[in-house]
Amino acid sequence: MSDVIAVSIWRGRGEGRYVDYEVPRLDSQTVLDVVTYVQRHLDPTLSYRFACRVGVCGSCAMTVNGRPRWTCRTHVEKVVADGRVEIGPLANLPVVKDLATDMTRFFEKWQQAKGAFTPSKTRHDKVAHIMPASPARVEVDKAIECINCGVCYAACDSVRWNPDYLGPAALNRAWTLVNDERDAGNKARLAAVAAAGGCHSCHTHQSCEQHCPQAINPTASIAGLKQRTLGAYWSGALT
Amino acid sequence: MTLRLYLLQRLTAALMVPLIVGHLATIIYATHHGVSAAEILGRTRGSLGWALFYGLFVLLAAMHASIGVRSVAADWTSLRGRPLTILMWGFGVLLLLLGARAIYAVVAS
Amino acid sequence: MSGLNQRLHTAGHRRDLFWVAAIVHRVSGILLACFLPIHFLVLGLAIERTAALDGFLKWTELPAVKIAEAGLVFLLAVHLLGGIRVLLIENLTWRPSQKRLATAAIGTAGVVALLFFLRAL
């Protein structure tokens, strides 16, 4: 095994190119470690985004050897192919510079999917009792650990082919709120996710499910929304 | 794709499952006995049952295929909005007319 | 969309079984949609006279046409099973076992389609 890794990193904006670097191989080295090494020792003008380095903040996602991944929790050893690693920005998002993408549209779509909690009570009411084993809460638990990293969004060909599609993350978020017994915004939320570009634009490629670093299954959440919107349509709550 | 198109697409799909199984079985049976116009027409001519079977099949297939073509065109071409709707209806009506003519040909002519 | 990556950095997902299943479903659908009008037109030949349809069916005895026919049966079977897969994923409640179920459906689709293909040849 060679003691260096041949690293190619995307430099520039939309029109850029991959630039080659050599990075010493270390034990338990993550892809983020590799990017950081390049920036600290080889080229300080390299731009990338990270914060927590422990898989909580969701800001360091990049494309690694053709697949979107959270780089701080991805060991180089696991992804290196023939001693090479290619690191690019996340797909389906505009590139600000190098490895940093502009996630504005991604988060706008969370708003569009009514991803914000709508309270049904005030601070003067009693705290709601939600049984952990209740079916609705079990559904929420399956989908709630999203860290907003954008990996599913970058892996999704439905987003690639239809830029108006809300995408797996925003719809998964909507699904957690649809199942939140305390939330009062479901009428507007179901209308939002049933509109053009909503849950019915999902073609069940299941790439989100295959790539989610938190092992969430957004395809299942979106399927849940498809069922729930149909139910609302039948009952006349959605027109 | 919006809710109503999605619903129609899935509904026609589910309804066609038994029809397609029947169609495939007929194809396999027919090819094993040699396809001829006499064989096909002997089976279908004047048969209300086959007329209903194929009539429903054509109707469902026309709806299903036209919505599907619209979805694919929305993803893989630059068509948006009105042209997409025209494409969907145009293809659906074409299939319906040709299908109706085909059924008339094998059942009633 | 301006400023979007000119280059498709992400392509690895297109090697995943589920993605391939979805694309096979879509492409078989497109090909069936292209075939349907022709299918209806040929059957419509019977309107003129039985001989016209028989003339066409004679032509279908050619080996190349036989293979194309088997291909159509194959497409219909694949599209049917792919569609059942989508309906199951969209309408059943997801359990951990469901991923295996979906994969089993894809596998069955392949095997059954192949059987159709071989028999029809």
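Visitor: Into which domains is chain A divided?
Guide: This is a predicted model: local features need pLDDT of at least 70, side-chain atom pairs count only at pLDDT 80 or more, and totals for chains, interfaces and linings use all residues. Residues are numbered from 1 along each chain as its sequence is written, and chains are lettered from A in the order in which they are written. Domain bounds come from an automatic or database domain assignment. For chain A they give domain 1 (4–101) and domain 2 (104–234).

Visitor: How far apart do the C-alpha centres of domain 1 and domain 2 of chain A lie?
Guide: The centres are taken over C-alpha atoms. For domain 1 and domain 2 of chain A, they lie apart by 29 Å.

Visitor: Which element gives the most to the side of domain 1 of chain A that touches domain 2 of chain A?
Guide: Two residues are in contact if their C-beta atoms, placed from the backbone, lie within 7 Å. Each domain of chain A puts 14 residues into the contact. Helices (H or I, at least four residues) and strands (E, at least two) are DSSP runs, numbered from the N terminus. On the domain 1 side, β3 (61–64) and β4 of chain A give two or more residues, and the top giver, with four residues, is β4(A).

Visitor: Which element of chain A gives the most to the side that touches chain C?
Guide: This contact takes 29 residues from chain A and 20 residues from chain C. β4 (67–70), α5 (151–155), α9 (207–211) and α10 (218–234) of chain A each supply at least two. With five residues, the top giver is α10(A).
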